[in-house]
Amino acid sequence: MVDKRNGNSPLSEQPLLEVRDLRTYFFTRRGTVKAIDGVSFRVNCGEIRGVVGESGCGKSMTAMSILQLVDKPGKIVSGEILFKGEDLVKKSRREMSRLRGKQISVIFQEPRSSLNPVFKVGNQLREVLHIHEELKREQEQKKAVSQLREVGIPDPERRMDNYPHEMSGGMAQRVMIAMGMACAPDLLIADEPTTALDVTIQAQVLDLIRSLRDDHNMTVLLITHDMGVVAEMTDNVTVMYAGTTVEEASTEVLFAEPLHPYTQGLIASIPVMGEVKERLDVIPGTVPNLIDMPPGCRFAPRCRARIEFGLEKCMVEEPPMFEVKPNHFARCWLYEGGGDEA
Amino acid sequence: MAGYLARRLTLAVPVLLGILFVTFALARLLPGDPCRSALGERATEQICEAFNERYGLNESIPEQFRIYLRDVLSGDLGESIKFGRPVTELMVERLPVTVELTFFAMLFAVLIGIPMGLVSAYYHNSSVDVLTMITANIGVSMPVFWLGLMLSYLFGVAFRDTVLWLPPSGRLSAGISIEPFYAAWGMSVNPDALTLPGFIANINTLNALLVQDWNGLGDALRHMILPAMALGTIPMSIIARMTRSSLLEVLGLNYVRTARAKGVRETKVVLKHAFRNALLPVVTIIGLSLGSLLSGAVLTETVFGLSGVGRILYDSITGRDYTVVQGFTLIIAVIFVFINLVVDTLYAYLDPRIRLE
Ligand SMILES: Nc1ncnc2c1ncn2[C@@H]1O[C@H](COP(=O)(O)OP(=O)(O)OP(=O)(O)O)[C@@H](O)[C@H]1O
Ligand SMILES: [Mg+2]
């Protein structure tokens, strides 16, 4: 019953990316911050996989761990990150820099501060091509311009000469996307790509990501804290809480039948248009301190289900991932016996 | 960029006017009677009357300022009371010494300080970092005159008759002289007037370079090493610390993360993406350090027996030779305005956001 995913999938379905029991810790003076402590999920070719969770639950760190860009004092202490079957954790610095921007690229939350203020955006875009592809100068320029055009930047030739401060956030994010797409990567990681943008621009950028996925058969790992974005964009979802994955399912199933009490809380907290709620249904309490994690389930202190069902194990022992239904996993003692009681 | 520079230049005009006013006022505010301090306590009323007449000190203050302005604008900075020579002449003689010294001190500071900071930041928290920063912290707290004396003792005395020996004083060895470049090029120049060729010819290293006198160049450079090190150590240490902290800050910024995510190699991330941004505060520090170099130059010039601006300013202030004080203060201030302009230009070159303002 416990986490059977490894092994029971036929080889033909090898996922593009598989993260297995990843742990990334920060060794600070105040103690070890277990920013990521047991994250597992897989991303299949061509899908948009959502990773969702509250602020600080380790979503960005997961992305940085995949790219092997965790800064000191952080360190991946255990786990595997299999990309096309090869473990990225074991790759050398040189191998990783050959991979980044070419096979896996990433776009970030703050597009304007993610571009270097002292270089023209055109040159920053061309740099990716320069590193990973052997092109003549004119070809490089041409390709960069066509990339800008593809992400919907009007008058791309002129925009090549702009500095980041001469662009709006939405435009800058399009440049970031163009940079991410320049070498046609297999995997695009989008870490809250629209959080810093206006609502209308948000929709445009999300549409752009989806249409690029469709046109290039790319795989997207979409990180967000917005359940609305998850519902609209993703095929499958991984829910994270305090550095661990707590639920995994297809998007449809997750919204129809959330299993983990935390996921249920998240879904209940989505404001519904046109409906005035008595109170916004947020989850009471706060995320536990990542230095002194409670011994049992990390969500136990905030969990209503625990009290309702009188579960005692929760405060003592951390639950594993249970495959409650086919391809629907939850890390909760409620489903120890197979989930029928839920 | 051109528009930005034009604006900066226009802004410099009122600053220069202000400087003219302040230097004028400062000289009048110096305590003590200029006549008596120049000619001695026993100068008679009559002699002082003639003295004041000659130097225009009998006029009303506004009138004096008007005359001063007119003279300055026509390139006449008056005559030294003590030396009886035009101040401009003294400038052509003294300024090159200090300019040369400051230049080499700054060159030393930048060429050593920036790499120190870079290495320190790149190997953050390693033993290399700790060692570099200990060196820098010692360097900052080193008194200039003490360091100067130690260096001249070490290299000039202790290492005498070894290959490490360096001349502990003066600008050129006895018996070595470098032909002024204007003479070598057959230009006719009055060596005493305030002219650019005269000024340039007095910068020994530059002059030697122009006439391709390698022997002279080598000798002039050897004389420069110790004073430049003595004067450059403090700014070197400041620059090293600033480069390190600035770089460390920039290395944590989002666009550096982007560069890494693009697949840029780490050395290039540091040298290309982070370094240029990190240089901005360093450039400011370099500009500011040039100011403190000048006060350091007084001490350095004394220790190493160089007769530059520092020496003459000190002598003139104590001797109430205020045409000289006035003239040199003015030229130093003008140099400052110029340095600031260069710093601003460099800033605009490094950071496109500034060109906009
Ligand atoms: N340099 C660091 N030192 C110590 N702890 C860190 C450091 N960087 C990140 N963390 C910890 O890692 C945890 C996860 O951070 P992460 O940025 O991945 O969160 P997130 O889920 O992306 O949140 P957000 O929605 O705010 O972006 C944070 O709670 C933080 O405490
Ligand atoms: Mg984040």
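The paragraphs below go through a predicted model, starting with the ligand site in chain A and ending with the surface of chain B.

Ligand 1 has a shell of 14 residues, and the closest of them are A:S55, A:G56, A:K59, A:S60 and A:M61. By type, the shell divides into 6 nonpolar, 5 polar and 3 charged residues. Three elements of chain A each supply at least two residues of this shell: β1 (17-28), β2 (31-43) and α2 (59-66). The largest share comes from α2(A), with 3 residues.

On its own, ligand 1 has 640 Å² of accessible area, of which the protein covers 68%.

The buried residues are A:K59, A:T62, A:A63, A:M64, A:S65 and A:I66. Just after the helix, A:Q68 takes a positive phi of about 60°.

For a point elsewhere in chain A, take A:R137, which lies in helix α5 (residues 137-150). A:R137 counts as exposed because its relative accessibility is 62%, and the cut-off for exposed is over 50%. A:R137 and A:C57 are 80 residues apart along the chain, and their C-alpha atoms are separated by 43 Å.

The next topic is charge pairing. Side chains of opposite charge can pair when their charged atoms come close. Over all chains, a search of the whole structure finds 35 salt bridges. In chain A, A:E47 and A:R49 form one of them, with the closest N and O atoms 3.7 Å apart. Both of these residues are buried. Chain A also holds a network of salt bridges that links A:D21, A:R23, A:D37, A:R298 and A:E318.

Two pairs in chain B can be set side by side. In one, the side chains of B:R94 and B:E93 meet in a salt bridge at 3.5 Å, N to O. B:R94 is buried because its relative accessible area is 12%, whereas B:E93, at 33%, is partly exposed. In the other, B:R171 forms a salt bridge with B:E100, the closest N and O atoms being 2.8 Å apart. This pair links distant parts of the chain, as its residues are 71 residues apart: B:R171 is in the loop between α7 (144-158) and α8 (181-184), and B:E100 is in helix α5 (residues 87-122) of chain B. Here the arginine is partly exposed, with B:R171 at a relative accessible area of 22%, and B:E100 is buried at 4%.

What is the secondary structure of chain B made of, in helices and strands? Chain B has 16 helices and 0 strands. Its C-alpha trace spans about 80 × 60 × 45 Å along the principal axes. Of the 357 residues in chain B, 44% are buried.

The surface of chain B carries a nonpolar patch of about 600 Å². The patch is made by B:W185, B:M187, B:L206, B:L209, B:L210 and B:W214. Helix α10 (residues 204-211) of chain B gives the most to this patch, with 3 residues. B:L206 lies in this helix.

Technical notes
Residues are numbered from 1 along each chain as its sequence is written. Chains are lettered from A and ligands numbered from 1 in the order in which they are written. This is a predicted model: local features need pLDDT of at least 70, side-chain atom pairs count only at pLDDT 80 or more; totals for chains, interfaces and linings use all residues. Side-chain values use heavy atoms; hydrogens and water are left out. Patches are made of residues with over 30% relative accessible area and no salt bridge: like charges are joined within 9 Å, nonpolar side chains (Val, Leu, Ile, Met, Phe, Trp, Tyr) within 5 Å. Accessible areas come from the Shrake-Rupley method with a 1.4 Å probe; for residues, only the protein chains shown count as cover. A salt bridge is a side-chain nitrogen of Lys or Arg within 4 Å of a carboxyl oxygen of Asp or Glu. Helices (H or I, at least four residues) and strands (E, at least two) are DSSP runs, numbered from the N terminus. A residue is near a molecule or strand if one of its heavy atoms lies within 4 Å of it. Ala, Val, Leu, Ile, Met, Phe, Trp, Tyr, Cys and Pro count as nonpolar, Asp, Glu, Lys and Arg as charged, and the others, Gly among them, as polar. Buried means under 20% relative accessible area, exposed over 50%, partly exposed in between (1.4 Å probe, protein chains only).
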